[in-house]
Amino acid sequence: TTTQIIQRHSVSHAGSHTAPHSGSHGHGGSHSSSGGSTLLGYIGIDTIIEQMRKKTMKTGFDFNIMVVGHSGLGKSTLVNTLFKSQVSRRSAGWARDEKIPKTVEIKAVSHVIEEGGVKMKLTVVDTPGFGDQINNDNCWEPISKYINEQYEKFLKEEVNITRKKRIPDTRVHCCLYFISPTGHSLRQLDTEFMKRLSHSVNIIPVIAKADTLTIEERQEFKQRVRKELEMSGIEFYPQKEFDDDMEDKSDNDKIREAMPFAVVGSDKEYQVNGKRVLGRKTAWGIVEVENPNHCEFAQLRDFLIRSHLQDLKEVTHNIHYETYRAKRLNENGGLHPISSAETQESNL
Ligand SMILES: Nc1nc2c(ncn2[C@@H]2O[C@H](COP(=O)(O)OP(=O)(O)O)[C@@H](O)[C@H]2O)c(=O)[nH]1
Ligand SMILES: [Mg+2]
C-alpha cells in the first residue's frame, strides 16, 4: 500500500492544514508509518480511507432487500431469519415470538442495525404471494411498479431545485427471488419474472425450503436451474458484464457457480451443543439455519452483507437507476427539472 518512498519517519504530514474539522489525524496511525514520497514528503492521500470511514460512521447508510416468490415458500420467515441471525442479533426491539401473518400487501420493514459504530438501516420489502392467481399473466406488475416508484422518488429529489443534502434511499438494492424446491425445473412464471425485472433490479435467485431436498437433489437442482437461467438469457446478480477486473471476475465466478443458494429459514431458536441456534426441529434432528453444512443461508447472508453490499448499491445506482433516469429524462424532453409543486403533489 505504500507509495514510492524514502523511509522518513519525521515527516510532518499535512495534518495541520487538512480539513477544518479538527482531530482528523487522531486516528491516523497508518500515515506516519507510510513515510513520504521522494519530493513532496507525505501528502496524505491514503487518509481518504479514514475520511470516508468517518463520514460513513456519521451518516450511516441504507440497504434495501426485497423478497419475491410464490406464497408459502418461506419469504417472510427468511426475512425474520435475516433480522434474527448474526446480522442483527444485537439489535434491540425485535419481538421474539411474533407469529408471521400471511402477507397481503407490499410492506417494508426497517431496522437500524449498528456495529462497530456504523449504522445500517436495513429495510426488507416483503411482497404478497406472487403467482397465486389463476391468471398470473401480469403478476410482476405491482412489483415492477414498486421498484420504479422508488427510482422516481429518488429522481424527483435529485432534480429538485432545492436538493436535500442526502437523499433518503428507498431503491431496492437486491431482489431475492424464491424458487420452489420442486427438484424439477423452473416454472414459466419464474423465468418470466426474472427476465422482465433483471434489467431494472439486481436479482438474486434462491432455492427456498432447501431442507425438503436431499443433498444430491439439491446439487442437481441447482445445476439445472443455472442451466435454465442461462438458456433463457437471464442475467442475475452479480452480472458478468459488470465484473470490473480479473480479480472481480474470478471471485464472482465462484459465487455464480454456487448460486442459486439453497436456503432454509426459521425464526425459532433451539439449544444445540450448549449454544442457541436458529433452526427447524424435525423428527430426525434440528436443521441449523446458520450451519454451512446444513444449508447455504450463511453464505447468502455473507454475500449480501459482507462481500457485496457496496457493489449491490453501486450497480443499483450506476446501472439500474441510471437506465430509469435516462428514460425518464428523455420522456421529459430534456433536463428541465420537475417543478416542486408537481413533486409535492405526487408525494401525497
Ligand atoms: N421446511 C421448511 N419450511 C419453511 C421454511 N421457511 C418457512 N417455512 C414454513 O413455510 C410456511 C410458509 O412460510 P412463510 O414465511 O409465511 O411463507 P411466505 O408466504 O413465502 O411468506 C410456514 O409454515 C413456515 O414455517 C424452510 O426453509 N423450510
Ligand atoms: Mg409472506
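Modeller: Start with a pair: Lys107 stands opposite Asp126 in S5. Strands, like helices, are DSSP runs numbered from the N terminus (helices H or I, at least four residues; strands E, at least two).

Colleague: Before we go on, what are the ground rules?

Modeller: This is a predicted model: local features need pLDDT of at least 70, side-chain atom pairs count only at pLDDT 80 or more, and totals for chains, interfaces and linings use all residues. Residues are numbered from 1 along each chain as its sequence is written, and chains are lettered from A and ligands numbered from 1 in the order in which they are written.

Colleague: Back to S4 and S5. How many bridges join them?

Modeller: There are 9 bridges between strand S4 (residues 107–115) and strand S5 (residues 118–126), and the two run antiparallel. Strands pair if DSSP finds at least two bridges between them. This hairpin has 2 residues between the strands, and Gly116 takes a positive phi near 55°.

Colleague: Now the ligand. Which residues come nearest ligand 1?

Modeller: Gly74, Lys75, Ser76, Thr77 and Lys209, out of 16 around ligand 1. A residue is near if its C-beta atom, placed from the backbone, lies within 6 Å of the molecule.

Colleague: Which helix gives the most to that shell?

Modeller: Helix H3 (residues 75–84), with 3 residues.

Colleague: And the shell by class?

Modeller: 3 nonpolar, 9 polar and 4 charged residues. Ala, Val, Leu, Ile, Met, Phe, Trp, Tyr, Cys and Pro count as nonpolar; Asp, Glu, Lys and Arg as charged; the others, Gly among them, as polar.

Colleague: Where does Gly69 lie?

Modeller: In the loop between strand S3 (61–68) and H3.

Colleague: Why does Gly69 count as buried?

Modeller: Because Gly69 has 24 C-beta neighbours inside 10 Å. Buried takes 20 or more other C-beta atoms within 10 Å of a residue's own, exposed 12 or fewer, partly exposed in between, with C-beta atoms placed from the backbone.

Colleague: What does Gly69 contact?

Modeller: Leaving aside neighbours within four places in sequence, Lys75, Phe130, Tyr177, Phe178 and Ala208. Contact means C-beta atoms, placed from the backbone, within 7 Å. Gly69 and Pro205 are 136 residues apart along the chain, with C-alpha atoms separated by 9.8 Å.

Colleague: Last topic: the largest nonpolar core. How many residues?

Modeller: The largest core has 56 residues, and Tyr177 is among those with the most contacts inside it. Strand S6 (residues 174–179) gives the most to this core, with 6 residues. A nonpolar core is a set of buried Ala, Val, Leu, Ile, Met, Phe, Trp, Tyr and Cys residues joined through C-beta atoms within 7 Å.

Key:
Contact = placed C-beta atoms within 7 Å.
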